[in-house]
Amino acid sequence: MVNKEEKGTVLPLKLPVGIENFEEIRTKGFYYVDKTGLIKELLHNWGKVNLFTRPRRFGKTLNMNMLKAFFEYKTDRSLFDGLEIAEETELCREYMGKYPVISISLKDIDSREFEGARAAMYSVIGNEALKFWFLTESDRLNEGEKAQFSQLIKSDSGGRLKFDMSEEILRDSLLTLTQLLYKHYGQKVILLIDEYDVPLDKAHRAGYYEEMVGLVRNLFSRVLKGNDCLQFAVLTGCLRIAKESIFTGLNNFKAYSVVHAWFDEYFGFSDDEVKAMLKYYGFDNAYAAIKEWYNGYRIGNADIYCPWDVINYIDLLRAEPAAAPKAFWINTSSNDIIRKFLRMAKQSTRREIERLINGESIAKKVKEELTYRDLYKSIENVWSVMLTTGYLTNRGKAEGNTYLLAIPNQEIRQIFVEQIQEWFQEETQKDQMKLDTFCEALVSGNAEAVERQFTAYLKKTISIRDTAVRKEKKENFYHGILLGLLSSRENWDVSSNAESGTGYSDILVETEDEIGIVIEVKYAEGGDFDAGCRTALKQIQDKDYAAGLVEDGMEKIVKYGIACYKKNCRVVYAKG
């Protein structure tokens, strides 16, 4: 591909942020990480039905669009010039542009009720059928077959819906379309279904799961089972739904999940691909940060980066070369799974989460096939779902179906930390009386009660300390817990790291009764609580942190030096 030029200057290729159309990337000057080797592997190893499950934003949709561009009739062969698959001349001669292709995405099948989701399905099938309008005039179809096609694109005379078909027509729609295309072309059909599990996910959340399972099971089984008009089908999704749920009776069914070696390098970016992209855009010095934040996924035998993150961060660097990495992937998911996981977790599981946060691995049995009904029936099922959806990755196989699970990178660790903080705040606010007691002890200078209650909170929470960072960073964990507790008092003005005196205090509080509270938190290295408290109080005094509170008219000042180590603390009080 030739880069665009302006006044003789070659412009760099644009970054494909959110671009999932293969043709657009190849013709409109976008950078493309070559994944066309997937085509060769698929043709050498395909089953009648091939399912790829990967986390969100790992390039599933772009790969499906690339497959469509390669196989469908009248394809633009120049789209593949210079790419890996173009070197396979015999394969290209035999397969490129030789098939009718049906390609649908179910990612937008979302509604609060089944009727709305079913109507969205009508739209998906109807719009795809409209691309084959020529079937209405095909001299290879009889009038009855043309009437069948017309039912797929029939408009709603009432104007409520774009398409008007019965549910029975919908269930047969993909089968009907493959049969008609096969008869018209005399060539078997390739079927591509992207995000196949989204309708089931949405239905499970909204309460009409059984109806959607019935619809999807019939739709899939009719087109995928014993269909002589089908060359092969490729499906993608996040979860591998149990065969007995929607793939009943399918033979020659191949599923490739995050723990399978086949096709492992074709979804997501490899280390070499990331280095090449960084070199192209002149950001080689960002490699270490990108590796820490966005690498760490183990797919089969390959170490993989999340492509969504890499592309977005390089795009950010082009605008702000000194920009730090950000959690881009978090904005593509509601992260409900972590919240539910935390609510389900008992004490033993919370300790395992702490180990994950600290970079350790946990041995867990992985269930590759689940139904949405089963996802949250047990905490063990949730471990499997978090692996499949990208919140955890595997660091090796222990035995049987037992894998060593770990948090893949800094971005996902941050998601866990934020969700843990929100969960802890929700949990503490359930017992408002206990919170009030803690806050009243602070106001009254009751260091013993403050110490006792704060220790109880530390015992209850999930530690998100990073044992590998500097002492100051470890203090942030305890600082954050205190801020969460104090934020429950709506009439208190709570400041964090506010400028006061000759420095920046950890926490300053102004109460409605004009009492000012100064809190300095120290990490008690080695468990030396007394030394930590002394250091904290001395810092409050030396830097005159109370000055701002006095200026604001606080009539009484109380000062606390708090030293913390693991899940214990010491609290020392000083007046005025």
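Good morning. I begin with a convention: angles between axes under 35 degrees count as roughly parallel, over 145 as roughly antiparallel, 65 to 115 as roughly perpendicular, and the rest as oblique. The structure to which I shall apply this convention is a predicted model.

Let us take the helix pair first. Helix α11, residues 271-281, and helix α12, residues 287-294, have axes that come within 11 Å and cross at roughly 140°. The two helices, α11 and α12, are therefore oblique to each other. Their crossing is right-handed. On the α11 side, the contact is made by Asp-271, Val-274, Lys-275 and Leu-278, and on the α12 side by Tyr-287, Ile-290 and Lys-291. Sorted by class, this contact between α11 and α12 comprises four nonpolar and three charged residues, with no polar ones.

I turn now to the sheet. Which order do its strands follow? The five strands are arranged as β13-β14-β15-β16-β17 in an open sheet with mixed pairing. At the edges stand β13 (493-500) and β17 (568-575); each has a single partner strand, so one side of each is left without a neighbour in the sheet. On average, and with direction ignored, neighbouring strands here are turned by 25° against each other.

Within this sheet, strand β15, residues 515-523, and strand β16, residues 556-565, run parallel and are joined by nine bridges. In this pairing, Val-521 stands opposite Ile-562 of β16. Helix α18, residues 432-444, packs on the sheet and touches β15 and β16, its direction making about 120° with that of β16. A further helix, α19, residues 447-460, lies across β16 and β17 and runs at about 155° to β17.

Thr-511 is placed in the loop between β14 (503-510) and β15. Is Thr-511 buried or exposed? The relative accessible area of Thr-511 is 6%, and the cut-off for buried is under 20%, so Thr-511 is buried. Setting aside residues up to four places away in sequence, Thr-511 touches Val-443, Asn-491, Trp-492, Ile-517 and Met-554.

Arg-54 counts as buried, at 0% relative accessibility. Beyond residues up to four places away in sequence, the contacts of Arg-54 include Lys-60, Gly-237, Cys-238, Asp-264, Phe-267, Ile-299 and Thr-388. Val-258 is also among the residues that Arg-54 touches; the C-alpha atoms of these two residues are separated by 6.3 Å, although they lie 204 residues apart along the chain.

Asn-45 is found in helix α2, residues 37-45. Asn-45 counts as buried, at 17% relative accessibility. With residues up to four places away in sequence left out, Asn-45 touches Lys-254, Tyr-256, Trp-262 and Phe-263. Tyr-256, Trp-262 and Phe-263 are likewise among the contacts of Arg-54.

Strand β11, residues 393-399, pairs with strand β12, residues 402-406, in the antiparallel sense over four bridges. Lys-397 stands opposite Tyr-403 of β12. What lies between the two strands of this hairpin? There are two residues between β11 and β12, and Gly-400 in the turn has a positive phi of about 55°. Thank you for your attention.

Notes: Residues are numbered from 1 along each chain as its sequence is written. This is a predicted model: local features need pLDDT of at least 70, side-chain atom pairs count only at pLDDT 80 or more; totals for chains, interfaces and linings use all residues. Side-chain values use heavy atoms; hydrogens and water are left out. Axes are lines fitted to C-alpha atoms, for helices over the stretch in contact, and angles run from 0 to 180 degrees between N-to-C directions. A crossing is left-handed if the near helix is turned anticlockwise from the far one by less than a right angle, and right-handed if clockwise. Contact means heavy atoms within 4.5 Å. Ala, Val, Leu, Ile, Met, Phe, Trp, Tyr, Cys and Pro count as nonpolar, Asp, Glu, Lys and Arg as charged, and the others, Gly among them, as polar. Two strands pair if DSSP finds at least two bridges between them. Buried means under 20% relative accessible area, exposed over 50%, partly exposed in between (1.4 Å probe, protein chains only).
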